[in-house]
Amino acid sequence: PPLEKLRSVNAASRLMGDSANLSPFAVMKAQEEYVNRTGDHRMYHTFQALRSLVDVRINLKNHGVQYALQNIARKEIEARGPLRVIFHSDEFKALKAEMQTAAGDPT
């Protein structure tokens, strides 16, 4: 959802490529470009949500499921705006449950 929302407002060309290759730095630069171009800061939480989700994906890839779950738990505590909505969505809860099963966590 955050990526689609940012793409729909043409936030930055660097967000138009393959989402599997996005980095937190690319999202930060896209936010900087967007604000410099438009002067609009209303998408701040959407950019933050996208950066957090990209960070979780990178942690999953680089450090494994257990570390990614710990990272998600930390982010859930601090989540605001769109990220909070995502973390409370049924889709995300189902994904997290699958990750917990893969990690051997019965909760």
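On a 1 Å grid over the protein atoms alone, a pocket is an open set of points where a 1.4 Å probe fits, with protein on both sides within 12 Å along at least five of seven lines, and its lining residues are those that have an atom within 4 Å of a point. The model examined here is predicted, so that local features need pLDDT of at least 70 and side-chain atom pairs count only at pLDDT 80 or more, whereas totals for chains, interfaces and linings use all residues. Residues are numbered from 1 along each chain as its sequence is written, and side-chain values use heavy atoms, with hydrogens and water left out.

The second largest pocket has a volume of about 220 Å³, a volume being the space filled by probe spheres set on the grid points, which are joined across faces, edges and corners. Its lining consists of Tyr44, His45, Gln48, Ala49, Ser52, Arg74, Lys75, Glu78, Ala79, Arg80 and Leu83. Two or more of these residues come from each of helix 3 and helix 4, helices being DSSP runs (H or I, at least four residues) numbered from the N terminus. Helix 3 gives the most to this lining, with 5 residues. By class, the lining of the second largest pocket has 4 nonpolar, 3 polar and 4 charged residues, where Ala, Val, Leu, Ile, Met, Phe, Trp, Tyr, Cys and Pro count as nonpolar, Asp, Glu, Lys and Arg as charged, and the others, Gly among them, as polar.

The largest pocket has a volume of about 480 Å³. Of the 20 residues that line the largest pocket, Pro1, Leu50, Leu53, Val54 and Arg57 are the closest to its centre. At least two lining residues are supplied by each of helix 1 (2-8), helix 3, helix 5 and helix 6, and helix 3 again gives the most, with 6 residues. The lining of the largest pocket divides into 15 nonpolar, 2 polar and 3 charged residues.

Serine 52, one of the residues lining the second largest pocket, is found in helix 3 and is buried, with a relative accessible area of 15%; buried means under 20% relative accessible area, exposed over 50%, and partly exposed in between (1.4 Å probe, protein chains only). When residues up to four places away in sequence are not counted, serine 52 touches Lys75 and Leu83, contact meaning heavy atoms within 4.5 Å. Between serine 52 and asparagine 71, which are 19 residues apart in sequence, the C-alpha to C-alpha distance is 9.6 Å. Leucine 60, also in helix 3, is partly exposed at a relative accessible area of 35%. Beyond its neighbours within four places in sequence, leucine 60 is in contact with Val65, Ala68 and Met99, and its C-alpha atom lies 9.8 Å from that of methionine 99, 39 residues away in sequence.

Helix 4 comprises 14 residues (residues 65-78), which at 1.5 Å a residue should span 20 Å, and its end C-alpha atoms are 20 Å apart, in agreement with that value; the expected span is 1.5 Å times one less than the number of residues. The buried residues of helix 4 are Ala68, Leu69, Asn71, Ile72 and Lys75. They cover an arc of only 160 degrees around the axis, which puts them on the same side of helix 4, the arc being that of the directions from the helix axis to the C-beta atoms. The cover over these buried residues includes helix 3 (44-63), helix 5 (81-87) and helix 6 (90-102).

Helix 6 has 13 residues and reaches 18 Å from its first C-alpha to its last, close to the 18 Å expected. Phe92, Lys96, Met99 and Gln100 are buried in helix 6, and because they cover an arc of only 100 degrees around the axis, they are on the same side of the helix. An α-helix has 3.6 residues a turn, so residues three or four places apart point the same way. On the other side of helix 6, Asp90, Glu91, Glu98, Thr101 and Ala102 are exposed. What covers the buried residues of helix 6 includes helix 3, helix 4 and helix 5. Lysine 96 counts as buried at 18% relative accessibility, and, with residues up to four places away in sequence not counted, lysine 96 touches Leu69, Ile72 and Glu76. Helix 6 is followed by glycine 104, whose phi is positive, near 80 degrees.
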